Amino acid sequence: MRTDRLTLSLCAAFTLSAAAPVAPALAPLIAQTTAVAPSVARVPFGVREKATYRVSFKGIGVGNGSIEVAGIDTVRGNPTYHLVMKVKGGIPFARIDDTTESWLDVQKLISLRFHQKLREVNYKRDKTIDFFPSEMLWAVQGKDENGPLATSEPLDDVSFIYWVRTIPLEVGKSYTFNRYFKAEGNPVVVKVLRRERIKVPHGTYNTIVLQPLIKTKGLFSEGGEAQLYFSDDDRRMLVMMTTKLSIGSMKMQLEGYEAGQPLTAADL
C-alpha cells in the first residue's frame, strides 16, 4: 500500500516546556489504566485536543495542517479515539488536500481502522482499511482486498504518532517495535536523537527529537529522514516535523494548540 503521501505527514502522517527528563507519567501505558478509569489507558492527550501547523516547502510557507482527537467513535463495539490529520496547500502545479484518519482503541491503544482521502497533483486515493486483531486480518472496505496483520497490536502511521507519545524515551537510545500493521513495515525503529530548544509560531519550546523509521515507502521511510520534535514535558505535543517528500523538503511548525479533555470510563 502506498503511504508516501503528504498526509502521512502529519501525512500532517509519521502527525507531538521547560526542559526536564521524561516524566515518570510517561512510563509504558499500553497495559496500564488510570486510577479513576480502569478501562481507559492513561495517555498524555485528551478528547478534542487539536494542534494546527504552518506548512512550508523549501522554506516557503505554502499551506496549513492540523492533527486532532476529533472525538470518541465506536468501531465494532469498541470505543476509539478518532484521530484526524489534515494538510492543505502546495506550490503551483503541485497542490495537495489530504486527510488521514485513524481509530485508536481507548483501552488497548491499537488501531482498528485507517482511512486516507488524498488529493495530490494528479493522484487521488480514497481507502478505508479495517483491522481485525483477533482474526489477524486487515481488509479494505468495499473491495475484495485483504491480508494478514503482522501483529495483534496494529498501528498505522497516524496512530503511531499518538502511541509514541505514551512511551519513555531516552536520548541516544534506539527502540524497536513490531507494531506496524503490515509485515514489510516492521520492525519500526525509533531513534531518540537529542534535546533541542526551538522557536515556532506558537512559541519557544524545549523538545525531544525523534527519528522514526518504518520499512515501507511513506512519511517515516528511511529515505524520508523524518524528524519529530515533541515538547519535552508531560503533554508530548508535536511541535514540529521535518521530512523529505517527492516534491521537496517539508516542515510543519506548531502555530496553535487546544488542550483536550481527559477521557474516563464514565464518559463511555
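Rings of Phe, Tyr and Trp pair if their centres lie within 6.5 Å. The legends below describe close-up views of a predicted model.

**Figure 1. An aromatic cluster and the nonpolar core.** Phe45, Tyr81 and Tyr162 form one aromatic cluster. Tyr81 also belongs to the largest nonpolar core, which has 62 residues. Within this core, Tyr81, Leu104, Leu210 and Leu254 are the residues that touch the most other members. Leaving aside residues up to four places away in sequence, Leu210 touches Val164, Leu169, Val190, Lys191, Val192, Ala226, Gln227, Leu228 and Phe230.

**Figure 2. The chain as a setting for the close-ups.** The chain contains one helix and 14 strands. Of its 268 residues, 57% count as buried. The chain exposes about 11,400 Å², and carbon and sulfur atoms supply 50% of this area. The mean pLDDT of the chain is 82, with 78% of the residues reaching 70 or more. Over residues 1–38, however, the pLDDT is below 50. Beyond near neighbours in sequence, this stretch has 151 contacts in the model.

Figure 3. In one of them, the ring centres of Phe131 and Phe181 are 4.7 Å apart and the ring planes meet at 35°, so the pair is tilted. Phe131 lies in strand S6 (residues 123–132), whereas Phe181 lies in the loop between strand S9 (174–177) and strand S10 (188–200), so the pair ties together parts that are 50 residues apart in sequence. Phe131 counts as buried because its relative accessibility is 0%; Phe181 counts as buried because its relative accessibility is 0%. The rings of Trp163 and Phe177 have their centres 4.8 Å apart and their planes at 90°, so this pair is edge-to-face. Trp163 in helix H1 (residues 157–163) and Phe177 in strand S9 are 14 residues apart, and their pair links distant parts of the chain. Both Trp163 and Phe177 are buried.

Figure 4. Strand S7 (residues 137–140) has the highest confidence, at a mean of 96. Three bridges join S7 to strand S8 (residues 146–148), and the two strands run antiparallel. Trp138 stands opposite Gly147 in S8. Five residues separate S7 and S8 in this hairpin, and Gly142 in the turn has a positive phi of about 75°.

Figure 5. Most residues other than glycine have a negative phi, and most peptide bonds are trans. Arg76 is not a glycine, yet it has a positive phi of about 50°. Arg76 is placed in the loop between strand S2 (60–75) and S3, and it counts as partly exposed because its relative accessibility is 38%. Leu109 likewise has a positive phi, near 55°. Leu109 lies in the loop between strand S4 (94–105) and strand S5 (111–120). With a relative accessible area of 1%, Leu109 is buried. A cis peptide bond, with omega about -5°, joins Asn186 and Pro187. Pro187 lies in the loop between S9 and S10.

**Figure 6. Gly89 in strand S3.** Gly89 is placed in strand S3 (residues 78–91). Buried means under 20% relative accessible area; Gly89 counts as buried because its relative accessibility is 4%. Gly89 and Gly61 are 28 residues apart in sequence, while their C-alpha atoms are 9.1 Å apart in space.

Methods. Residues numbered from 1 in each chain as written. Predicted model: local features only at pLDDT ≥ 70, side-chain atom pairs only at ≥ 80, totals over all residues. Heavy atoms only, no water. Helix = DSSP H or I, 4+ residues; strand = E, 2+ residues; numbered from the N terminus. Buried < 20%, exposed > 50% of the residue type's maximum accessible area, 1.4 Å probe, protein only. Areas by Shrake-Rupley, 256 points an atom, 1.4 Å probe, with all protein chains shown as cover. Core = buried A, V, L, I, M, F, W, Y, C linked by side-chain atoms within 4.5 Å. Contact = heavy atoms within 4.5 Å. pLDDT = per-residue confidence, 0-100. Pairing = 2+ DSSP bridges. Phe/Tyr/Trp six-rings, centres within 6.5 Å; stacked < 30°, edge-to-face > 60°.
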